[in-house]
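Hi everyone, thanks for coming. Let me put the structure up, and then we can walk through it together.

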Amino acid sequence: MNKPAAEKKTLSAKKTAAAKNGAGTRPAAATETPRKSRRGSRATGRVTIMDVAHEAGVSTMTVSRALKAPDLVQEQSRERIIAAIAKLGYVPNQAAATLASARSQVIGVLVPSLTNAVFIETLSGIRDYLSEAGYQFLIGETGYSREKEAQLISTYLAHAPAGFLLSSSDQHEILKKHAAMRHIPAVRMFDLGKSNEDFSVGFSQIKAGYTIARHLIDHGYKRPAFLAAQMDPRMLKRREGFRKALQEAGIVADIEVLLPDPTTVGMGAQLLRKVLESWPDCDAVFCCNDDLALGALFECQRRGLDVPGRMAIAGFNDLSWAACATPSITTIITPRYEIGYKAAEMLIDQLRGKAIPKGRLDLGFELAVREST
């Protein structure tokens with residue numbers, strides 16, 4: 001049936017007006033269903049918070065509030081938002097949240113090595129606490145290099161981290177040089193700061209070295225040696241404590257072999273060979289970690305030297321196999337997991353504005369006396 005001429009003129013006029021407004025023949029936007037999903041940004045294909053709001057029939061502010069503080073949003077709105085997120089597959093954009101708050105939910109963690117069991121256990125403690133607190137962390141391996149430490153710190157600062165967990169005083173000094181660190185909290189692990197204002201969780205490395213030396217002296221050893229590698233600040237503090245105890249006992253602290261290379265079991269054997277070649281009267285060795293101590297034990301067994309009769313051996317850290325060696329190795333038990341957990345807790349407490357009664361948390365250590373001494 002043909003339409004009346006008046007109706008045709010009206011439709012033609014509407015099409016002409018729509019064309020002039022740039023809308024073509026598409027119906028006006030106001031006629032669209034309010035909750036129809038746009039299925040992601042046209043530019044990136046990523047589902048946005050605006051898409052969720054459109055699908056749920058609420059404002060973007062309500063969606064944001066539901067994600068950050070759900071108790072402040074009415075239950076019906078919350079349920080619609082949850083359903084919209086599930087339907088659209090929305091993933092919150094952490095980068096956008098960081099820009100909005102100038103701070104992320106990410107913690108920067110710097111450790112010297114990712115193959116050393118000591119730091120792996122500490123990272124486990126960090127992971128367990130941060131996961132409970134709703135934070136993630138970025139791990140940086142410094143390789144005991146000050147240059148790499150500075151590079152990683154600069155890289156992490158570009159991502160606006162909420163805070164830092166550090167493994168050395170050198171890293172702490174590098175951070176202080178960055179203006180961006182003025183408002184970013186940091187906690188140092190393994191060693192202790194000089195005061196409560198310098199947040200740290202660990203134990204006295206000097207006292208640990210002193211304790212091993214006193215043990216050897218009390219057991220009648222007259223010519224103890226100090227064997228070390230890596231040459232990091234914590235090792236040097238153990239050396240300081242070791243030498244102090246010897247000097248107090250009237251023993252000359254002149255038997256030392258130090259290498260800058262990473263520690264290995266084989267290096268422990270190498271260091272003991274050097275000691276026996278240069279100081280054949282040496283009767284005890286304090287190795288700065290258990291890997292070196294095991295290598296020294298193997299070298300003694302290869303040479304047929306009785307342990308501890310001819311040579312006493314002490315290590316550091318109490319790795320899992322130290323008590324299983326034959327003979328079992330005397331060592332210092334360090335609270336590695338607890339250091340990571342407590343350091344993370346101290347950092348998050350700072351971020352949440354909680355009072356911290358002890359900014360310098362000494363977790364102590366234990367001397368495990370075993371068959372090797």
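Phe 365 counts as partly exposed, at 22% relative accessibility; buried here means under 20% relative accessible area, exposed over 50%, and partly exposed in between, with a 1.4 Å probe and protein chains only. Before I go on: this is a predicted model, where local features need pLDDT of at least 70 and side-chain atom pairs count only at pLDDT 80 or more, while totals for chains, interfaces and linings use all residues. Residues are numbered from 1 along each chain as its sequence is written, and side-chain values use heavy atoms, leaving out hydrogens and water.

Now, how many aromatic pairs does the structure hold? There are ten, where rings of Phe, Tyr and Trp (its six-membered ring) pair if their centres lie within 6.5 Å, and planes under 30 degrees apart count as stacked, over 60 as edge-to-face and the rest as tilted. One of them joins Phe 203 and Phe 365, edge-to-face, at 6.1 Å centre to centre with 65 degrees between the planes. Phe 203 is buried, at 3% relative accessible area.

Another pair, Phe 242 with Phe 286, is tilted: 5.4 Å centre to centre, 35 degrees between the planes. Both Phe 242 and Phe 286 are buried.
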